[in-house]
Amino acid sequence: MYHHSGTVVRQAGGSAGVLDTAPRDSDAILFQRCTWCGTAMYHRLLCPVCQGSDLRTERSEGVGTVRHSTTVHRNTPAARNVSLVEMAEGFVVRGRVMGPPIGIHSGDRVRLSTAKDPVRGEPVFQLVDEPFRAWT
Ligand SMILES: [Zn+2]
């Protein structure tokens, strides 16, 4: 004998708030460091070196070096810069560097301006050194 249980369990709303981060974290990049071997990583669940899962969260000082930089033209009137920035702590972050795209090169030193772009949620950096210093 079949018995239809027509009860629909409605999920209670209010799932928001689970990932409740402090407001002040918006001005810094948080990364993970392996407690076993000390490797710094970004948005990983396991250490890429020793596969350890015992990670602790630290705050980056926000200073890094551009390792790769490309310009993206994708349905936007303005070209968008996408860069890989190696932070001083040793992990690599994908983000955007402010300024003219042609003025951003590998090896340029950058400083974190905004940890999370309000539109894309990406870190935004600004150049530390004057672009014209190398020409003098
Ligand atoms: Zn490790």
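## Exercises on a barrel and a loop

In this structure, five strands form a closed barrel in the order 4-5-6-8-7, with mixed pairing. On average, neighbouring strands of this sheet are turned by 50° against each other, direction ignored. The model is predicted.

**Exercise 1.** Find how strand 5 and strand 6 are joined.

*Solution.* Start with the ranges: strand 5 covers residues 80-87, and strand 6 covers residues 92-97. They pair in the antiparallel sense over four bridges. Take E86 next: its bridge partner in strand 6 is V92. Now look at the turn.

**Exercise 2.** Determine the sense in which strand 6 pairs with strand 8, and the sense in which strand 4 pairs with strand 7.

*Solution.* Strands of a sheet pair through backbone hydrogen bonds, either parallel or antiparallel. Strand 6 pairs with strand 8 (residues 124-127) in the parallel sense, over two bridges. There, R96 has V124 in strand 8 as its bridge partner. Strand 4 (residues 63-72) pairs with strand 7 (residues 109-114) in the antiparallel sense, over three bridges. Here V63 is bridged to R111 in strand 7.

**Exercise 3.** Decide whether P48 is buried or exposed, then describe its surroundings.

*Solution.* Locate P48 first: it lies in the loop between strand 2 (40-41) and strand 3 (55-59). Count next. P48 has 11 C-beta neighbours inside 10 Å. A residue is exposed at 12 or fewer, so P48 counts as exposed. Leaving out residues up to four places away in sequence, P48 touches T39 and M41. Finally, check C34. C34 is 14 residues from P48 in sequence, and their C-alpha atoms are 9.3 Å apart.

Terms used
Residues are numbered from 1 along each chain as its sequence is written. This is a predicted model: local features need pLDDT of at least 70, side-chain atom pairs count only at pLDDT 80 or more; totals for chains, interfaces and linings use all residues. A residue is buried if 20 or more other C-beta atoms lie within 10 Å of its own, exposed if 12 or fewer, and partly exposed in between; C-beta atoms are placed from the backbone. Two residues are in contact if their C-beta atoms, placed from the backbone, lie within 7 Å. Two strands pair if DSSP finds at least two bridges between them. Axes are lines fitted to C-alpha atoms, for helices over the stretch in contact, and angles run from 0 to 180 degrees between N-to-C directions.
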